Amino acid sequence: MALEGAWSAQSMQAMTSSMRGLKQAAESGSFAISESGAQAYIKAIEDAQQDLRKLNNHLNDLQQETKLGTSPDAKAMSRYNIESAKGGPGTTGIVPAIEQLRTALEDARLAMQKAVENYRAVDDDHSNSFQRY
């Protein structure tokens with residue numbers, strides 16, 4: 001289980017870093033995409049964001065202590081469940097991982113919007129260049 005948690009943490013961090021890089025590339029003007037090209041990406045991102053918002057109540061439930069009894073094993077299992085949700089030794093936890101996913105998706109959405117603006121600016125600049133001749 002610890003290996004799976006470590007893999008999840010690494011892949012979520014990599015995805016968050018990639019989306020941050022995409023956003024920075026768009027903000028610097030080195031990434032552009034047409035509006036029609038970006039629409040499918042933006043729709044998929046917004047759909048994923050909506051699905052994550054629907055998970056909020058379930059995520060709150062996951063962070064509550066599991067009522068398994070008062071035996072040492074029940075208490076240990078309850079702690080394990082909370083660590084799996086919130087994070088703990090050997091695992092990032094599903095809640096922090098989902099928060100990282102939210103951040104990555106928002107960065108990707110903003111990057112796509114900025115890339116469309118960049119595309120329009122380049123397109124307008126080229127259009128103005130041709131009008132001068």
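Colleague: How many salt bridges does the count come to?

Modeller: It comes to 6 salt bridges, each being a side-chain nitrogen of Lys or Arg within 4 Å of a carboxyl oxygen of Asp or Glu. This is a predicted model, where local features need pLDDT of at least 70, side-chain atom pairs count only at pLDDT 80 or more, and totals for chains, interfaces and linings use all residues. Residues are numbered from 1 along each chain as its sequence is written, and side-chain values use heavy atoms, leaving out hydrogens and water.

Colleague: Which residue forms a salt bridge with Asp107?

Modeller: Lys23, with the closest N and O atoms 3.6 Å apart. Asp107 lies in helix α5 and Lys23 in helix α1 (residues 2-28), so the pair ties together parts 84 residues apart in sequence. Helices here are DSSP runs (H or I, at least four residues), numbered from the N terminus.

Colleague: And is Asp107 buried or exposed?

Modeller: Buried, at 8% relative accessibility; that term means under 20% relative accessible area, with exposed over 50% and partly exposed in between (1.4 Å probe, protein chains only). Lys23 counts as partly exposed at 21%.

Colleague: Switching topic, where does Asn118 lie?

Modeller: In helix α5, and Asn118 counts as buried at 11% relative accessibility. A polar atom of the Asn118 side chain lies 2.8 Å from the backbone oxygen of Phe31.

Colleague: What else does Asn118 touch?

Modeller: Besides Phe31, Asn118 touches Ala26, Gly29 and Ala32, not counting residues up to four places away in sequence. Contact means heavy atoms within 4.5 Å.

Methods. Helices (H or I, at least four residues) and strands (E, at least two) are DSSP runs, numbered from the N terminus. A polar contact is a pair of N or O atoms within 3.5 Å; within protein, one must be able to donate a hydrogen and the other to accept it, and residues adjacent in sequence count only if both atoms are side-chain atoms.
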